Amino acid sequence: MNPLSMKDGDFETALEKMRAYCSYSERCNSEVYLRLGKFMLTSNEKNRIIELLEEEGFLNSKRYLSVFVRGKLIHNHWGKIKIKYELRAKGFSDNEINDALGTIDQDEYNLLVKKLISNLKTQKAEGGDLSRKEKEKVIRAMMAKGFEYDLIRTYFTEELDIDN
């Protein structure tokens, strides 16, 4: 046994702590693996804990993806592009990400884009129409939130008559 690895009792302690960590909020494998870095475990021990958590139902990738996508869309008002990049950073495959993004109701998504553009328009327009510079700021703000340019442009044009 590696001198830096944990004793059997410590392995069980780490497993219990990870069960509690996963019970508190939905987690993905990479978050748990990162958290296990606090413990002096070998890679095999970390992987074994992740396997056990999956077997026991504490970790579930599909469930995590569903909760993550829904939460970021509704609560953080993120677009599909930003959600996709964040999930890639967490180690999910493009197929898994595309499946999760496919669960987004397109009508709900479009309504969110319209609402956010309208809110930004109200914030930027101080009693009048938006200047060209203010229109560009609204578009950049929407793109920073991860919304697709074509979709922004479509609703921005409808909402603000951008061609002026």
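Guide: Terms first: helices (H or I, at least four residues) and strands (E, at least two) are DSSP runs, numbered from the N terminus. This is a predicted model, where local features need pLDDT of at least 70 and side-chain atom pairs count only at pLDDT 80 or more, while totals for chains, interfaces and linings use all residues. Residues are numbered from 1 along each chain as its sequence is written, and side-chain values use heavy atoms, with hydrogens and water left out.

Visitor: How many helices and strands are there in the protein chain?

Guide: Reading from the N terminus, the elements go α-α-α-α-α-α-α-α-α. The count is nine helices and zero strands.

Visitor: What share of the residues of the protein chain counts as buried?

Guide: Buried means under 20% relative accessible area, exposed means over 50%, and partly exposed is in between (1.4 Å probe, protein chains only). The chain has 164 residues, and the share of them that passes as buried is 37%.

Visitor: Which residues is Leu15 in contact with, leaving aside its neighbours within four places in sequence?

Guide: Leu15 sits in helix α1, residues 8-24. It is buried because its relative accessible area is 2%. Contact means heavy atoms within 4.5 Å. Setting aside neighbours within four places in sequence, the partners of Leu15 are Ile49, Leu52 and Leu53.

Visitor: And what separates the C-alpha atoms of Leu15 and Leu36?

Guide: Leu36 belongs to the α2 side of the contact between α2 and α3. Leu15 and Leu36 are 21 residues apart along the chain, and their C-alpha atoms are separated by 9.2 Å.

Visitor: How are α2 and α3 placed relative to each other?

Guide: Axes are lines fitted to C-alpha atoms, for helices over the stretch in contact, and angles run from 0 to 180 degrees between N-to-C directions. Here the two axes come within 10 Å and cross at roughly 135°. Angles under 35 degrees count as roughly parallel, over 145 as roughly antiparallel, 65 to 115 as roughly perpendicular and the rest as oblique. So α2 and α3 are oblique.

Visitor: How does the contact of α2 with α3 divide by class?

Guide: Asn29, Val32, Tyr33 and Leu36 of α2 meet a set from α3 that includes Ile49, Ile50 and Leu53. Ala, Val, Leu, Ile, Met, Phe, Trp, Tyr, Cys and Pro count as nonpolar, Asp, Glu, Lys and Arg as charged, and the others, Gly among them, as polar. By class, the contact of α2 with α3 comes to six nonpolar, three polar and two charged residues.

Visitor: Is Lys38 buried or exposed?

Guide: Lys38 is in the loop between α2 (29-36) and α3 (43-55). With a relative accessible area of 63%, Lys38 is therefore exposed.

Visitor: What is the hand of the crossing of α5 and α6?

Guide: Their axes come within 10 Å and cross at roughly 145°. A crossing is left-handed if the near helix is turned anticlockwise from the far one by less than a right angle, and right-handed if clockwise. The crossing of α5 and α6 is right-handed.

Visitor: How far apart in space are Gly102 and Lys80, C-alpha to C-alpha?

Guide: Gly102 lies in the loop between α6 (94-101) and α7, and it is exposed at a relative accessible area of 59%. In sequence Gly102 and Lys80 are 22 residues apart, while in space, C-alpha to C-alpha, the gap is 9.8 Å.

Visitor: What is the phi of His77?

Guide: His77 is in the loop between α4 (61-74) and α5 (80-89). At 21% relative accessibility, His77 counts as partly exposed. Although His77 is not a glycine, its phi is positive, at about 55°.

Visitor: Which residues of α8 make the contact with α7?

Guide: The axes of α7 (residues 106-124) and α8 (residues 132-144) come within 10 Å and cross at roughly 140°. From α7 the contact takes Val113, Leu116, Ile117, Leu120 and Lys124, and from α8 it takes Glu134, Lys137, Val138, Ala141 and Met142.

Visitor: Last one: which residues is Asn110 in contact with, leaving aside its neighbours within four places in sequence?

Guide: Asn110 lies in helix α7. Its relative accessibility is 15%, so Asn110 counts as buried. Beyond neighbours within four places in sequence, Asn110 is in contact with Leu151 and Tyr155.
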